[in-house]
Amino acid sequence: MEKILDVNDLHVTFTTYGGTVKAVRGVSFDLHKGETLAIVGESGCGKSVTSNAIMQLIPDPPGKISNGTITFKGKELTTIPEKEMRSIRGVDISMIFQDPMTALNPTLTIGTQLTEGLMEHRKMSSAEAKEKALEMMELVGIPNPQERLKQYPHQFSGGMRQRIVIAIALICEPELLIADEPTTALDVTIQAQILELFEQVQEKTGVSIILITHDLGVVAKIADRIVVMYAGKIIEEGTRKEVFYEGQHPYTRGLLKSVPRLDIKGEKLIPIDGTPPDLFSPPQGCPFTARCPMAMEVCDKVYPLQTELSETHKVDCWLQDERAKQLLAQAADKN
Ligand code: SF4
Ligand code: MG
């Protein structure tokens, strides 16, 4: 499969009066055509900063991509002139956010908002653009598209507004769609419908999707691969099955226990105690040490090397490291 995005050793910092926040600390991942990658973690883990970096939307200053590369279809985005990036943003790479209301302009009709990108970037006539807008509204499941094109955002329900946001994001036929907490503001039934819509749209258009969420439950159904972020790093990654059913990092396991599971009835939800470390001066060892029920002596001293559990499943945890296992076995022998 064609690789469309390659993020390599990305570091993002923010300079504040209190010092420099190391928000993203060496993140690498890639994405193939037609694939859905989920980036999961608590707020402040660096997942939204990572997606903003891909869009080249890190405000500089105070933000800065201090290291790393972001390659989209062979183009290096970290060094691209802003003018060229503007022709990629919203056209080849689209992004949708949590709140569908702020993403729409309340003073313009849905029709205008759907067609303006097509006329500007795809040089369509207004008739051609309208035709395409109707097609898109049908694709995202908005009934009576002819009439509804003339309406304003406030005339739609929250779920319908999010469908319109998705239609606008997809109308120029982007190759990459980044969705940051796209269902968080919606109720559970609508959430499920929107996730299903992502799947249908992907099947029809072949768009690659990066889905950013704090809720591992959201991604269980639609992600092909899952990346788990903690304190600005990827601490575990794998296929949906590897992370969701065979997740090994104690943080991933904690996330799984704090998510309602449809397949395990009556299971108690357990929140993860404690808070993530301060990213002004991140710990040199494993950043999860202070919250980890399995923490060992080595953990807060040395950052765990990445262990490859399979070709696709990788985890940064000393528990998976053969050398740590040997040390533990030796310690057990002595007792
Ligand atoms: Fe816990 Fe140590 Fe693994 Fe970090 S490296 S997750 S502290 S066991
Ligand atoms: Mg890479």
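Here are a few notes on how this predicted model is put together.

1. Some housekeeping before we dig in. Residues count from 1 along each chain as its sequence is written, while chains are lettered from A and ligands numbered from 1 in the order in which they are written. As this is a predicted model, local features need pLDDT of at least 70 and side-chain atom pairs count only at pLDDT 80 or more, whereas totals for chains, interfaces and linings use all residues.

2. Start with the domains, whose bounds come from an automatic or database domain assignment. Domain 1 covers 3-92 + 174-274, and domain 2 covers 103-171. Their C-alpha centres are 26 Å apart.

3. Now look at where the domains touch: 15 residues of domain 1 are in contact with twelve residues of domain 2 (contact means C-beta atoms, placed from the backbone, within 7 Å). On the domain 1 side, helix H8 (residues 188-205) gives the largest share, seven residues. That side splits into eleven nonpolar, three polar and one charged (Ala, Val, Leu, Ile, Met, Phe, Trp, Tyr, Cys and Pro count as nonpolar, Asp, Glu, Lys and Arg as charged, and the others, Gly among them, as polar).

4. Next, an open sheet of four strands, in the order S2-S1-S4-S5 with antiparallel pairing. Helices (H or I, at least four residues) and strands (E, at least two) are DSSP runs, numbered from the N terminus, and two strands pair if DSSP finds at least two bridges between them. S2 (19-32) and S5 (75-76) are the edge strands with a single partner each, so one side of each has no neighbour in the sheet. S1 (residues 3-16) and S2 are joined by eleven bridges; Asp-6, for instance, has Asp-30 in S2 as its bridge partner.

5. The other open sheet has eight strands, ordered S6-S7-S8-S3-S9-S10-S12-S11, and its pairing is mixed. S6 (93-96) and S11 (306-308) stand at its edges. S6 runs parallel to S7 (residues 176-180), with four bridges between them, and Met-95 has Ile-178 in S7 as its bridge partner.

6. Last, a helix pair: H4 (residues 110-121) and H5 (residues 126-139) pack at about 120°, axes 9 Å apart. Axes are lines fitted to C-alpha atoms, for helices over the stretch in contact, and angles run from 0 to 180 degrees between N-to-C directions. The two helices are therefore oblique to each other (under 35 degrees is roughly parallel, over 145 roughly antiparallel, 65 to 115 roughly perpendicular, and the rest oblique). Among the contact residues are Leu-114 of H4 and Met-136 of H5.

Definitions and conventions
Contact = placed C-beta atoms within 7 Å.
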